[in-house]
Amino acid sequence: MTAAIQLYRTATRAASPFLGEVLKRRARAGKEDYGRINERLARNLPRRVPGGSLVWLHGASVGESQLLLELGQRLLDLRPDLMLLFTSQTQTSARLLGPVLPERAIHLMAPLDTPGIARRFIRHWQPDLCIFGEGEIWPNLILEAERAGAKRALVNGRMTDSSADGWNKLSGTFKRLVGRFDVILAADTDTARRLETLLGEPVQSTGNMKSALPPPSASEIEIRRLREAFLADRRCILAASTHDGEEAIFLDALKGDDTSALIIAPRHPDRGNAIELLLKERGLTFARRSRGEVPTPRTRILLADTMGEMGLWYRLANSVFLGGGHTPGVGGHNPLEPVRLGLPVVTGPDVFNFATMMDDLESRKLIRKLKTPKAIGKALQSMEPPSQEALKELNEAADAPMTLTLAALMPLLPEPGLLQ
């Protein structure tokens, strides 16, 4: 065990007595769920069904959780005997996962990464396989899983240059934690190269598994209702998954367009008040979805500050401004959902989290990466939808990353009927 890991374990062990109060304070601030604090501490957990194989899938937030949900469902299709345990760290991901879990699955808030909590969690659940999504490296949980004999896999791994630079200073620690994983799969060739440098061994790039996710669904009744009540005959332009500052860019881009209906769906709906203030400052008429306000054909903007309705907004839109590409440190968002629904997509230039995918889509003329409001506005009003031929090619290639990932994971599972 490296000195850095020892220091981390000592520090997290020392913090343990104070974590209950920290979680309560976070709950009072709306950042934790009071009713789920025990899950974060790995106490009073649901009973584990005796025997059988259990797969634990952990992702940080919404995107990773959706990806792992699809992966878990496909694992169940191949192995109906499995039990699945999903964990995530945000209340948003918990709200989205809860209603759509497969029958043989449960969701818990992720345990905090202290030696004691990690030990309780792993001993209680006794996972046969632990799947960590994208970049979730939690030393105590990983070490306890290893000690318990659980197989470990990193799927859809993503690592930026800055993260790689940080881990290079702790390369021995990274090798100790991740180098012993049974399967390591990268979402893109750049991440594979960075992981190979850190680990000193080849790493397979399967492609981004998010390409296999189906577009989000929507109610046909609600689509029809809003088209009649809000859009009428107007063109609709959507700002999807925006961050602070990007709503202003979107509004600047469409400043001279008084005829289109606009929808703003922020990445974090709790920013609704700040966006409302911006719209009022600009004298724009709007309806706020979270308050149940009903837009009319005279409403300029629908502020869609709710969760789980992106499929609805995509299906109302004629073109999409995808957020995350103009905000430092975000690195863009998955463009495949709107593209696969046949929408022209414009995003910002800073999309390092999806660099390979974005470059591929841009080369196929399915998206455009633009910087200035003037260029963005022109593209949103003039871009043509993807051709059916281009969409067919995209859809044919979309499932390959998930197929490759499943092929790598299946040999790690015990045979059906075998106990741990």
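Asp 128 sits in the loop that links H6 and E4. The model described here is predicted. Asp 128 counts as buried because its relative accessibility is 10%, under the 20% cut-off. A polar atom of its side chain lies 2.8 Å from the backbone nitrogen of Leu 54.

**Helix H1**
- H1 runs over residues 3-15 and has 13 residues.
- From first C-alpha to last, H1 reaches 18 Å, close to the 18 Å expected at 1.5 Å a residue.

**The nonpolar cores**
- In soluble globular proteins, nonpolar side chains tend to be buried together.
- The largest nonpolar core here has 40 residues.
- Within this core, Trp 56, Phe 121 and Ile 184 touch the most other members.
- At least two core residues come from each of these elements: helix H2 (19-28), strand E1 (54-58), H6, strand E4 (129-133), H7, H9, strand E6 (183-186) and helix H10 (189-199).
- H6 gives the most to this core, with five residues.
- Beyond its neighbours within four places in sequence, Ile 184 contacts Leu 154, Val 178, Leu 195, Leu 199, Val 203 and Gln 204.
- Another core, of 35 residues, lies apart from the largest one. Ile 263, Tyr 314, Ala 317 and Leu 322 are among its members.

**Arg 288**
- Arg 288 belongs to strand E10, which spans residues 286-288.
- Arg 288 counts as buried because its relative accessibility is 7%, under the 20% cut-off.
- The side chains of Arg 288 and Asn 273 are joined by a polar contact of 2.8 Å.
- Leaving out residues up to four places away in sequence, Arg 288 touches Gly 272, Asn 273, Glu 276, Glu 293, Leu 303 and Asp 305.

How values were computed: Residues numbered from 1 in each chain as written. Predicted model: local features only at pLDDT ≥ 70, side-chain atom pairs only at ≥ 80, totals over all residues. Heavy atoms only, no water. Helix = DSSP H or I, 4+ residues; strand = E, 2+ residues; numbered from the N terminus. Expected span 1.5 Å × (residues − 1). Core = buried A, V, L, I, M, F, W, Y, C linked by side-chain atoms within 4.5 Å. Buried < 20%, exposed > 50% of the residue type's maximum accessible area, 1.4 Å probe, protein only. Contact = heavy atoms within 4.5 Å. Polar contact = N/O pair within 3.5 Å; in protein donor to acceptor, adjacent residues only side chain to side chain.
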